[in-house]
Amino acid sequence: QPMFFSPTQTPQNWQIASKRREVYQWFLTFSSLIIASDFTFKSITELNFSSPEIIEDTLTGGMLHENIDCEYILGATGQFRKPCRYSVREFFEKRCFGFASIGYWREVQVSEEHPMIVLDGKKYRHKLKLASNAEYRRKKGIPEGGDKKLIKYEGSLICRKEAQDVDLKDYLLCPVSPVGNLNIHKDIGWLTGLALADGYIDDNGKRGPYYTLDKDEYCIPDLLKCLSEQFDGTVSSRPHGDGRGWRIGVTTEAAYSVFAPYLTGKLTKKKLTAKAFELDKESRLHLLGGYFDGDGCFLGKQQKLVANNYSKDMADQLYFMLISCGINCSLNRVPLYGDHYPTDSEWCYRIIVPSSEVPKLQPYMRSNKIPTNFVPKKTRELRFFFEDVDGSMFLAQPIEYKKEFLYTGPGYDIQVDPEHAFVANGF
């Protein structure tokens, strides 16, 4: 029996007894999303692949695509992998479960027996209690041993559970992808992030970047200085519109060529390219600093950094870039509100960096948004980074809800080696 791929979709291949066909039929629902190489989401139904071998299951009506040549998707340990199998079949009133975590707006839906990779909440909390008790005894000078047996956890606390067996005390996991090794000048990184927030590049005229800011924005002098030092030619700086707008830009193809590898699109279509995720940690932090200088808002009472975004793709990319830099953040979706440029979207995407994580980003910001006398709050262990025994890093997230429902429609499955697992809907 294969370790991962659903036997129900391949009874002819593996000669699975027909009476087990309805027992082992794990799959993901039509709403499932995979993560492409630029850290944007796409429907599992839109996965690009070619298949030299297609097997039709006459018993279940499913289609199995073997030995596929597929685009890269995000695997379970944060590395991009090429799937080797893809299958789809129809289901009728199949028992399924939906999961969501605190601090992340997406929900993942899978069949009842689908394996899910989670951090075992019961074992994790027990391990924390043992560590706390040991620390207390050390402070009191009590030697280890005595009449109590020393308990040690060996191996990983991360395990596979069928969806129906996942406990609300478990943690859903998001892998932390490794950073790249491409280093760019800190000013270019900051300028790129600020353009992501408040600017754009002209792909047609091959000019830019252009920035649109409030005329009293604190970082304007820094922006003019960086552009003048980094690029030859005139830096334009003039009023924009009828209100408080101010437009700053460099109208040379040389400047465009510096930013074009990392930025694309405008308004709700604006996002980073896959090239941006080749940057090393320091360059990413300068980019993030520029972005939060533009779109960020520091809430003094709550002492957290918030950025609202109309581009879903960009919000997803920033979320993964932040956690790749070890910055614990949340990403939520809220109904569109207030004044905004015309858009068909009904949603705004909100990134929140909690008070305890702000000092990791503050040195890379050049605005006055974060007060100089800011003192962060203590870290809350609600969402936390967890390193597995093999060195893989994950963001562990408490489960907000687990819901049961009956699903009718197409079910999908993908095999990704060597992990035999991949990231769906962010988990």
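**Entry 1. A proline in a strand.**
I looked up P209 and found this residue in strand β15. I am working with a predicted model. What kind of peptide bond joins G208 and P209? The bond is cis, with omega at about 20°. I then went on to D417 and P418, which are also joined by a cis peptide bond. Omega there is about 5°. P418 sits in the segment that follows β25, a strand covering 393-415.

**Entry 2. The sheet that holds β15.**
I traced the neighbours of β15 next. The strand belongs to an open sheet of 4 strands, and I read the order as β14-β15-β17-β16. The pairing is antiparallel. Which strands stand at the edges? I noted β14 (199-202) and β16 (235-239). Each has a single partner strand, so one side of each lacks a neighbour in the sheet. From one strand to the next, the twist averages 20°.

I then checked how β15 meets β17. β15 spans residues 207-214 and β17 spans residues 245-250. They run antiparallel and share 5 bridges. Where does Y211 find its bridge partner? I found the partner in β17, and it is I248.

**Entry 3. Helices on this sheet.**
I looked for what packs against these strands. Helix α3, residues 186-198, packs on the sheet and touches β14 and β15. The direction of α3 makes about 65° with that of β15. Helix α4, residues 220-230, lies across β15, β16 and β17. α4 runs at about 15° to β17.

**Entry 4. α3 against α4.**
Two numbers describe a pair of packed helices: the angle between the axes and the distance between them. I looked up both. For α3 and α4 the angle is about 125°, and the axes lie 10 Å apart. This angle makes α3 oblique to α4. Is the crossing left-handed or right-handed? I noted that α3 passes α4 in a left-handed crossing.

I listed the residues that meet. From α3 come D187, I188, W190, L191 and L194. From α4 come D222, L223, C226, L227, E229 and Q230. I sorted the residues of this contact by type: 7 nonpolar, 1 polar and 3 charged.

**Entry 5. Rings.**
I turned to the aromatic residues. How many aromatic pairs are there? The count comes to 20. I picked out F27 and F91. Their ring centres are 3.9 Å apart and the planes stand at 20°, so I call the pair stacked. I also checked where the two residues sit in the chain. F27 is in the loop between α1 (11-14) and β1 (33-35). F91 is in strand β9, residues 85-101. The pair is 64 residues apart and links distant parts of the chain.

β4, residues 53-56, and β5, residues 63-66, run antiparallel and are joined by 4 bridges. Which residue in β5 stands opposite E56? I read M63. β5 in turn pairs with β9, antiparallel, over 4 bridges. M63 comes up again here, standing opposite V88 in β9.

I checked F39 for its backbone angle. This residue is not a glycine, yet its phi is positive, at about 60°. I placed F39 in the loop between β1 and β2, the latter being 41-43.

I moved on to β20 and its partners. They form an open sheet of 4 strands in the order β20-β21-β23-β22, with antiparallel pairing. The edge strands are β20 (296-299) and β22 (330-335), and each pairs on one side only. The average twist from one strand to the next is 30°.

β20 pairs with β21, residues 304-309, over 4 bridges in the antiparallel sense. What stands opposite G296 in β21? I found A307.

Helices pack here too. I saw α6, residues 281-295, lying across β20, β21 and β23 (347-353). α6 runs at about 80° to β21. α7, residues 312-324, packs on the sheet and touches β21, β22 and β23. The direction of α7 makes about 15° with that of β23.

Notes: Residues are numbered from 1 along each chain as its sequence is written. This is a predicted model: local features need pLDDT of at least 70, side-chain atom pairs count only at pLDDT 80 or more; totals for chains, interfaces and linings use all residues. Side-chain values use heavy atoms; hydrogens and water are left out. Two strands pair if DSSP finds at least two bridges between them. Helices (H or I, at least four residues) and strands (E, at least two) are DSSP runs, numbered from the N terminus. Axes are lines fitted to C-alpha atoms, for helices over the stretch in contact, and angles run from 0 to 180 degrees between N-to-C directions. Contact means heavy atoms within 4.5 Å. Angles under 35 degrees count as roughly parallel, over 145 as roughly antiparallel, 65 to 115 as roughly perpendicular and the rest as oblique. A crossing is left-handed if the near helix is turned anticlockwise from the far one by less than a right angle, and right-handed if clockwise. Ala, Val, Leu, Ile, Met, Phe, Trp, Tyr, Cys and Pro count as nonpolar, Asp, Glu, Lys and Arg as charged, and the others, Gly among them, as polar. Rings of Phe, Tyr and Trp (its six-membered ring) pair if their centres lie within 6.5 Å; planes under 30 degrees apart count as stacked, over 60 as edge-to-face and the rest as tilted.
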